[in-house]
Amino acid sequence: MTAQEVRLCGLLLQEHFGDVVENVGTHLIRNGVLTLRALAHETKLALDLVKKSLCVLVQHGMCTFGPGRRGPAGPVEYHINCEHILHMLRYPRYIYTAKSLYGDTGELIVEEILQRGQMTMSSTVKTVADRLTHNMPEGQSMDYNEVVSAFSRLVETHFLQRCPPMASAESSGTGSAETPPAVTQPSNPESHPDCYKLPYISLSGHGKRRRSSEDGEADQRAAKKAKTDSSECGDEGIHWQVNFERFHLHFRDQAIISAVSCKLDQTSGEIVRTMLRMSEVTTSANAAFTQALSANEIFRALPSNYNIARPILDQYLTLLVDDPMEFVGKAGDSGGGMFVVNLHRALANLARATLESVVQERFGSRSARIFRLLLRKRHLEQKQVEDFAMIPAKEAKEMLYTLLSENLVQLQEIPKTPDHAPSRTFYLYTVNQLPTARLLLQHCYKTVGNLIERRLYETKENKRLLEKSQRIEAILASLQATGAEATQLTEVEEMITAPERQQLESLRHHINNACLRTCGVNRSKPTRTCKLLTEMAVEPPRAQTSDLLAVRLDSSENQVDETIFLLESYINSTQASR
Amino acid sequence: MSRGRGRNQFTFNVDALGFGRGDSLPTTTHTPSPLFPPMQFQPVPLHTGEEVEYMLALKQELRASSKNLPFHIRAARTKRDVSRYSDKYQTGEPKNNTIEWSPDWSRLPKELCIKVRKPQKTITGTKQQLKQRPKVAASKEDILQKLETLEKEEVHSEEEEDEGKKKKQNDDEEEEPEVEEDYDEEELEDETDYIASYFDNGEDFGGDSDDNMDEAVY
């Protein structure tokens with residue numbers, strides 16, 4: 001765990017679960033595995049607080065436990081899962097994907113399970129039905145069956161999976177059934193054969209609408225009823241969690257399809273989408289390429305509204321195969337040609353485009369030209385760089401040294417003589433894609449950490465001012481809605497004094513400078529052929545400027561997360577193929 | 001005749017340095033480089049669109065709602081210097097030794113087991129501090145029996161705001177009664193600050209004073 005990852009994990013835990021859990025989590029990350037006592041000692045917190053925090057972390061799948069070094073008889077050791085914590089950045093994206101695939105019901109199901117870590121099917125169905133009923137007009141309510149069917153669809157497409165059952169560590173000596181051991185250890189979820197099997201539950205009814213007047217009472221009764229009811233539903237102990245890997249595969253597919261659509265055209269994007277859809281079930285998560293599909297199969301599986309003739313499809317496939325991005329490859333000639341989608345190569349190309357885009361945005365297009373040149377030609381001397389890039393010598397030197405100081409370009413020495421004399425050594429510039437991608441990923445983590453900290457700072461500093469201006473806005477809006485006179489409006493506006501107005505104005509100027517400086521440099525585009533967005537004329541709207549700043553910081557976090565996802569997928573794919 | 005055949009020459013190709021003889025070197029820096037150096041190239045503006053806006057709204061909602069979930073752990077406030085009258089009425093404070101949600105204990109190691117605390121009803125007047133001391137002395141079996149009878153009663157009358165006894169029934173892992181949560185039923189009936197038995201509605205007043213009008217009343 002790098003320092004930046006630890007910092008980001010700490011910030012995320014603090015945002016969602018509070019300071020106590022952040023303290024516990026950070027100590028666990030820094031120290032590797034710890035027992036409960038050691039953890040309480042390190043964090044200097046009350047033992048009960050530590051226990052509660054560990055419950056929260058285990059519930060959300062961010063912490064695992066197992067028998068310690070002394071075996072099953074010794075104390076339990078806790079081990080934190082950093083990647084799971086970093087996934088918290090991506091929760092909105094998961095929920096939005098579920099919404100786009102399975103509608104509002106799917107969205108709420110995924111949201112509930114994400115917020116609570118693990119849930120049984122019956123409790124999920126009830127909660128979601130209640131929430132949907134709440135939003136529906138009076139008199140209507142959501143039937144449980146609809147929610148159950150949405151849940152089943154999510155499970156069938158593997159977006160939700162059962163939490164792995166606890167494998168109890170039994171002592172080999174005794175044969176009799178002892179009391180259950182103090183430590184039960186979870187196993188890999190996929191290894192359980194019933195991972196995606198829906199339990200049979202008898203659940204029928206409608207969502208209950210919650211009246212605001214009997215808030216507390218209804219909650220009590222509902223909570224009590226839910227508890228007694230879940231035991232009747234028959235799925236006690238079967239908890240479901242979100243299958244992040246499946247979502248990531250979906251995002252990867254989306255990235256590939258959008259890249260192809262950008263580079264070639266919409267139809268080619270559809271063809272690749274069809275190929276990926278067909279090989280969803282047959283391809284394993286780490287496969288370098290999908291199963292080979294024949295052109296006949298692809299033709300049959302194309303969506304019906306895409307009426308392209310067979311020869312046109314063949315031409316498109318040939319185009320895709322010949323494209324230098326190498327998204328699609330040809331694996332044989334039977335059945336009209338066997339085609340595969342090269343997943344790992346596509347990821348590598350997307351990562352490369354990301355790197356090039358970052359260099360271009362930070363250092364200019366000439367530096368980007370040098371960077372691309374070095375990526376293509378691997379090793380070049382300084383003189384050769386100047387010649388190939390067609391840039392005057394002085395500027396080329398300056399740019400190369402800037403890139404070198406930022407660690408984007410490396411220097412390789414090749415001595416001609418054993419004494420490494422500088423006059424008799426080749427100095428070659430080179431770019432290694434994988435280490436550079438890792439470097440950029442760490443930059444991204446640092447960026448998101450900075451964004452979060454800045455947002456917290458801004459919110460804290462301007463809380464009072466923000467609240468006051470929001471109140472005034474609300475008053476103004478309501479007055480305008482009821483058709484008030486101009487004098488009344490001016491009177492209300494004067495409630496913000498002049499110094500406060502000045503403060504708001506200065507905050508307004510901070511938006512374009514501070515936040516973009518920290519976040520803008522690490523944003524990127526997925527494909528190099530996407531057109532650059534034109535400079536947006538930034539007119540600060542009348543809304544609260546500090547609020548706007550916080551909103552832009554928030555939005556930047558989401559967008560840096562896209563880059564993080566691409567780079568992480570690329571790095572993981574290279575590790576898998578080793 | 002040259003003074004030294006190799007002496008006046010550099011050992012490497014001078015052009016590679018980037019500056020020739022006689023050119024001035026760049027000035028030395030006296031301060032560390034600025035923390036936020038001015039950017040040469042302006043960053044690209046953020047993405048906009050329906051998808052982006054929706055995800056942003058989702059993110060803000062998630063953040064706000066996660067503060068209200070029981071997973072957001074706040075440490076209990078340490079006791080201030082003296083015990084105050086208001087402590088009696090502040091029942092919503094989190095306590096360190098209870099957990100506000102009930103996880104599936106079979107999936108967690110035994111050592112993490114902690115008393116589950118059910119969310120309290122917000123009634124002003126719950127007298128938590130009035131511990132029923134005699135009950136502590138009662139034996140475990142008596143308490144369990146009483147719990148069972150009360151359970152049956154409670155199933156029939158859901159209108160009873162009998163918070164404390166409900167908790168006892170549902171909490172299987174209790175070994176001793178939750179003394180803190182036990183309080184008299186009648187005190188809750190009116191949902192007021194006043195214990196019913198303490199209240200004297202003054203009907204009896206004035207009946208005694210008819211006898212002795214001469215004596216002063218202190």
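**Entry 1: Glu386(A)**
I looked up Glu386(A) and found it buried at 11% relative accessibility (buried means under 20% relative accessible area, exposed over 50%, partly exposed in between, with a 1.4 Å probe and protein chains only). This is a predicted model, where local features need pLDDT of at least 70, side-chain atom pairs count only at pLDDT 80 or more, and totals for chains, interfaces and linings use all residues. I note also that residues are numbered from 1 along each chain as its sequence is written, that chains are lettered from A and ligands numbered from 1 in the order in which they are written, and that side-chain values use heavy atoms, without hydrogens and water.

Glu386(A) lies in helix H16, residues 382-389 of chain A (helices, H or I, at least four residues, and strands, E, at least two, are DSSP runs numbered from the N terminus). Leaving aside neighbours within four places in sequence, I see Glu386(A) in contact with Ile391(A), Ala393(A), Ala396(A) and Lys397(A) (contact means heavy atoms within 4.5 Å).

**Entry 2: Glu568(A)**
Next I checked Glu568(A), which sits in helix H22, residues 545-576 of chain A. Glu568(A) is buried too, with a relative accessible area of 17%. Beyond its neighbours within four places in sequence, Glu568(A) is in contact with Arg90(A), Leu441(A) and Tyr445(A).

**Entry 3: the sheet**
I then traced an open sheet of three strands in chain A, in the order S12-S14-S13 with antiparallel pairing (two strands pair if DSSP finds at least two bridges between them). Strands S12 (379-380) and S13 (410-415) of chain A are at the edges, each with a single partner strand, so one side of each has no neighbour in the sheet. Six bridges join S13(A) to the antiparallel S14(A), residues 425-430. There I found Gln410(A) opposite Thr430(A) in S14(A).
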